[in-house]
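I opened my notebook to keep a record of what I looked up, one topic at a time. Please read the entries with the model in view.

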Amino acid sequence: MGTKQQLADLPEDADLRRADSLAREIFSDVANKWALLIIEALGERTLRFSELRTEVEGISHKMLTQNLRMLERNGLLDRKVYPTVPPRVEYTLTEPGRGLRATVDAMCAWTHRNLSHIESARGRFDA
């Protein structure tokens, strides 16, 4: 999933198929509205499950749980459990998670900058 120049810059023993496969897996995992909303909600903060559920309007308990597990599995957030009764669990973005958030923010900014062009093109296409 790279350009010829990017591929040429990689070490000869780089496992390109594995890298491409992993990239596709991660894109598939995080390219859903709930994951992106969770990443945005966390931002630079640490939140508990109930706080996240309040922040991500409309998400079910099951969907939030599934997406938090997926984000943790991919190393994008840390889950910390405190040994209290009931257990207190907090979620924080990792450095890669914050990097992904910056990328998503850049994509949103790009959309805002190009909104009129996109709407015009869609109008012409749908006409």
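**Ground rules.** I noted that this is a predicted model, in which local features need pLDDT of at least 70 and side-chain atom pairs count only at pLDDT 80 or more, while totals for chains, interfaces and linings use all residues. Residues are numbered from 1 along each chain as its sequence is written, and side-chain values use heavy atoms, with hydrogens and water left out.

**The sheet.** I looked up the strands (DSSP runs of E, at least two residues, numbered from the N terminus) and their pairing (at least two DSSP bridges between two strands). I found an open sheet of three strands in the order E1-E3-E2, with antiparallel pairing. Strand E1 (46-48) and strand E2 (77-82) are at the edges with a single partner strand each, so one side of each has no neighbour in the sheet. On average, neighbouring strands are turned by 25° against each other, direction ignored; the axes behind this angle are lines fitted to C-alpha atoms, for helices over the stretch in contact, and angles run from 0 to 180 degrees between N-to-C directions.

**Strand partners.** I then followed E3 (residues 88-93), which pairs with E1 over three bridges and with E2 over six bridges. On the E2 side, Leu-77 stands opposite Leu-93, and a hairpin of five residues joins E2 to E3.

**The largest pocket.** I read that a pocket is an open set of points on a 1 Å grid over the protein atoms alone, where a 1.4 Å probe fits, with protein on both sides within 12 Å along at least five of seven lines, and that lining residues have an atom within 4 Å of a point. The largest one has a volume of about 210 Å³, the volume being the space filled by probe spheres set on the points. Of its 13 lining residues, Val-30, Leu-36, Leu-100, Val-104 and Met-107 are the closest to the centre. Helix H6 (95-113) and helix H2 (16-30) each supply at least two lining residues, and H6 gives the most, with six; a helix here is a DSSP run of H or I with at least four residues.

**Rings.** Searching the whole structure, I found zero aromatic pairs, where rings of Phe, Tyr and Trp (its six-membered ring) would pair with centres within 6.5 Å. The charged end of Arg-88, however, sits over the ring of Tyr-82, 3.8 Å from its centre; this requires NZ of Lys or CZ of Arg within 6 Å of the ring centre and within 35 degrees of the ring normal.

Technical notes: Rings of Phe, Tyr and Trp (its six-membered ring) pair if their centres lie within 6.5 Å; planes under 30 degrees apart count as stacked, over 60 as edge-to-face and the rest as tilted.
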